[in-house]
Amino acid sequence: PAADPSVGPELSDLVAEAGAIWAAVPTAQIAFGAGAPVAQPVSVSNYLELLGVCGDGLSPLIADPDGSITDDLFGAGASEGLLGIGLADCDPDDGLIDEHTMLVNFSALPFPSAERQALALRIVTHELGHVIGLAHSLLNLEFQDDGNAANDVYLPMMFPVLSDDDRLGAATLHLDDTSMLSLLYPA
């Protein structure tokens, strides 16, 4: 993935860490590699030049520090709830996703540094799951926002929303996540 140089290493480091989480699944074979940085800082005025472009050889990581890209893409106010998106830029006819785009809305992470880092890693791990072809999972839906933070460990990484019970839980994969990864990328 290519990082926006205006963001610095934060998003690139998060993607590397999230990639290591997915790559550590022993029943799957998947690897990630870093690309060159994009040529210019990404902003609301130029993000469409990178978002979802097939055949350019780039897999941009787009950090949205103030929510302006998210609001432009999904409508005013979207940045208040949408944390990120990950999508394949090209239709993978050979089964390999060669190019992808990831957008992370950092404006929705108003936490102190350590808490922000934990939540950002969960978001990036989830979005990287989309990049590699995983869909949302509603497994154990009844545990989301039920007032019991202890049972949030049973929500898959690919659950579509963060549970308010344990917003800062660890970025760990659930059996549902590892099973789907292993089905798509068997060791």
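**View A. Helix α3 in the lining of the largest pocket.** α3 contributes the most to the lining of the largest pocket, five residues. Helices (H or I, at least four residues) and strands (E, at least two) are DSSP runs, numbered from the N terminus. The model is predicted: local features need pLDDT of at least 70, side-chain atom pairs count only at pLDDT 80 or more, and totals for chains, interfaces and linings use all residues. Residues are numbered from 1 along each chain as its sequence is written, and side-chain values use heavy atoms, with hydrogens and water left out.

The pocket's volume is about 610 Å³. Of its 31 lining residues, Arg-122, Phe-159, Val-161, Leu-162 and Ser-163 are the closest to the centre. At least two lining residues come from each of β3 (84-88) and α3 (113-131). The lining holds 15 nonpolar, nine polar and seven charged residues. Here Ala, Val, Leu, Ile, Met, Phe, Trp, Tyr, Cys and Pro count as nonpolar, Asp, Glu, Lys and Arg as charged, and the others, Gly among them, as polar.

A pocket is an open set of points on a 1 Å grid over the protein atoms alone, where a 1.4 Å probe fits, with protein on both sides within 12 Å along at least five of seven lines; lining residues have an atom within 4 Å of a point. Points are joined across faces, edges and corners, and the volume is the space filled by probe spheres set on them.

**View B. The second largest pocket.** Its volume is about 270 Å³. Thirteen residues line this pocket, with Ile-30, Ala-31, Phe-32, Ile-97 and Ile-132 nearest its centre. Nine are nonpolar, three polar and one charged.

**View C. The largest nonpolar core.** This core has 31 residues; Leu-11, Trp-22, Met-102, Phe-106, Val-124 and Leu-181 have the most contacts inside it. Two or more residues come from each of α1 (9-23), β2 (60-64), β4 (100-105) and α3. The largest share, seven residues, is from α3. A nonpolar core joins buried (under 20% relative accessible area, 1.4 Å probe, protein chains only) Ala, Val, Leu, Ile, Met, Phe, Trp, Tyr and Cys residues through side-chain atoms within 4.5 Å. A separate core of nine residues includes Tyr-47, Ile-69, Ile-85 and Leu-103.

**View D. The aromatic pair.** The structure has one such pair. Phe-143 and Tyr-154 are tilted, 6.0 Å centre to centre with 50 degrees between the planes. Rings of Phe, Tyr and Trp (its six-membered ring) pair if their centres lie within 6.5 Å; planes under 30 degrees apart are stacked, over 60 edge-to-face, the rest tilted.

How values were computed:
Buried < 20%, exposed > 50% of the residue type's maximum accessible area, 1.4 Å probe, protein only.
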